[in-house]
Amino acid sequence: MHVFTNQLCRSSTIFMTCCSVSIPIFILYLATFVSSLSGVPLTDDKLATLTRAVEVSRVQKVKIKSSDVSPKACLKLGEALKYGATLQELHMSLNAIGDGGAINLAKGLENNKSLLWLSLGQCSIGPEGAASLALVLSTTCIADLYLHQNMIGAVGARAVSEALKQQTTIKRLGLAGNQFGDEGAQYLAQGLAKNTTLEWLSIEQCRIGDLGAQAISKALCSNSALKALHMGGNLLSGKAMTALQTAVGSRKDLSLTFKT
């Protein structure tokens, strides 16, 4: 079996990067390892090796950022996620997988109970892809979801809000740079008002104005779980910022930042 590794082993971890090395199959069973192909194009051969490792070994973390991952590759990754029982982190930012790729991943996540971290920043994901991912959140154990710098729009924000209402396992949610505006912020506020699990929320640079900020301020009065809210780079007036700070003021355990 061919994997890509520089054979850096620490605490029973094998890092897979660029050089082709033949490793006996039993190592895949005996070692907990991280597969990292970030910056390396995900060819068919590498994809086959990666998906096989996710399915049959004890892989806990996969990093394939900026690896030219296609929607078709996401279909095969999704299939591997159906059977992989140990994968906890999947880092896929900077791949133009689009809605099709996000939908394919979501299909594989429907019954997955091992994945805790999913990063899909700057992946050209639109409303449809965001909605597909949001729909499966209630059936997964994902705690960290990062969808920053995509194009989910107000429709995608609404889907995420509906997931938050269902009390998912999400604790950290990154939506910065999606520019869903006041409408999207108002939808998110509805989810925040009912959610009891989310602790960290990043909605920086989302073109949120005073109407959206007002809705979020009101939601914070009902939410006791959130610990950190990042809202920098939006279109807020001084009055809106003051309203948010007032809503947060009664919560010593909640931090609010307007820095980007």
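Biologist: What covers the buried residues of helix 4?

Modeller: This is a predicted model. In it, the cover over the buried residues of helix 4 includes helix 3 (71-83), strand 7 (117-119) and helix 5 (127-136).

Biologist: How many residues of helix 4 are buried?

Modeller: Helix 4 is mostly covered, with 9 of its 12 residues buried.

Biologist: Which residues are buried in helix 4?

Modeller: The buried residues of helix 4 are Gly-98, Gly-101, Ala-102, Ile-103, Asn-104, Leu-105, Ala-106, Gly-108 and Leu-109.

Biologist: What span should helix 4 have, and how far apart are its end C-alpha atoms?

Modeller: Helix 4 covers residues 98-109, and at 1.5 Å a residue its 12 residues should span 16 Å. The end C-alpha atoms of helix 4 are 17 Å apart, which agrees.

Biologist: Now helix 2. What span should its 13 residues have?

Modeller: Helix 2 runs over residues 44-56 and should span 18 Å at 1.5 Å a residue. Its end C-alpha atoms are 18 Å apart, in agreement with that value.

Biologist: And which residues of helix 2 are buried?

Modeller: In helix 2, the buried residues are Lys-46, Leu-47, Thr-49, Leu-50, Thr-51, Ala-53 and Val-54.

Biologist: At what angle do helix 2 and helix 3 pack?

Modeller: Helix 2 and helix 3 pack at an angle of about 20°, and their axes are 8 Å apart. Angles under 35 degrees count as roughly parallel, and helix 2 and helix 3 are therefore roughly parallel to each other.

Biologist: Is the crossing of helix 2 and helix 3 left-handed or right-handed?

Modeller: The crossing of these two helices is right-handed.

Biologist: Which residues meet there?

Modeller: From helix 2, Leu-47, Leu-50, Thr-51, Val-54 and Glu-55 take part. They meet Ala-73, Lys-76, Leu-77, Glu-79, Ala-80 and Tyr-83 of helix 3.

Biologist: Why does Lys-61 count as partly exposed?

Modeller: Buried means under 20% relative accessible area, and exposed means over 50%. Lys-61 counts as partly exposed because its relative accessibility is 23%. Glu-89, at 21%, also counts as partly exposed.

Biologist: What about helix 6? Which residue does Lys-165 meet in a salt bridge?

Modeller: The partner of Lys-165 is Glu-162, at 3.0 Å from N to O. Both lie in helix 6 (residues 153-165), 3 residues apart, about one turn of the helix.

Biologist: Which residues do salt bridges that share partners join into one network?

Modeller: Lys-227, Arg-251 and Asp-253 are joined into one network in this way.

Terms used:
Residues are numbered from 1 along each chain as its sequence is written. This is a predicted model: local features need pLDDT of at least 70, side-chain atom pairs count only at pLDDT 80 or more; totals for chains, interfaces and linings use all residues. Side-chain values use heavy atoms; hydrogens and water are left out. Helices (H or I, at least four residues) and strands (E, at least two) are DSSP runs, numbered from the N terminus. The expected span of a helix is 1.5 Å times one less than its number of residues. Buried means under 20% relative accessible area, exposed over 50%, partly exposed in between (1.4 Å probe, protein chains only). Contact means heavy atoms within 4.5 Å. A salt bridge is a side-chain nitrogen of Lys or Arg within 4 Å of a carboxyl oxygen of Asp or Glu. Axes are lines fitted to C-alpha atoms, for helices over the stretch in contact, and angles run from 0 to 180 degrees between N-to-C directions. Angles under 35 degrees count as roughly parallel, over 145 as roughly antiparallel, 65 to 115 as roughly perpendicular and the rest as oblique. A crossing is left-handed if the near helix is turned anticlockwise from the far one by less than a right angle, and right-handed if clockwise.
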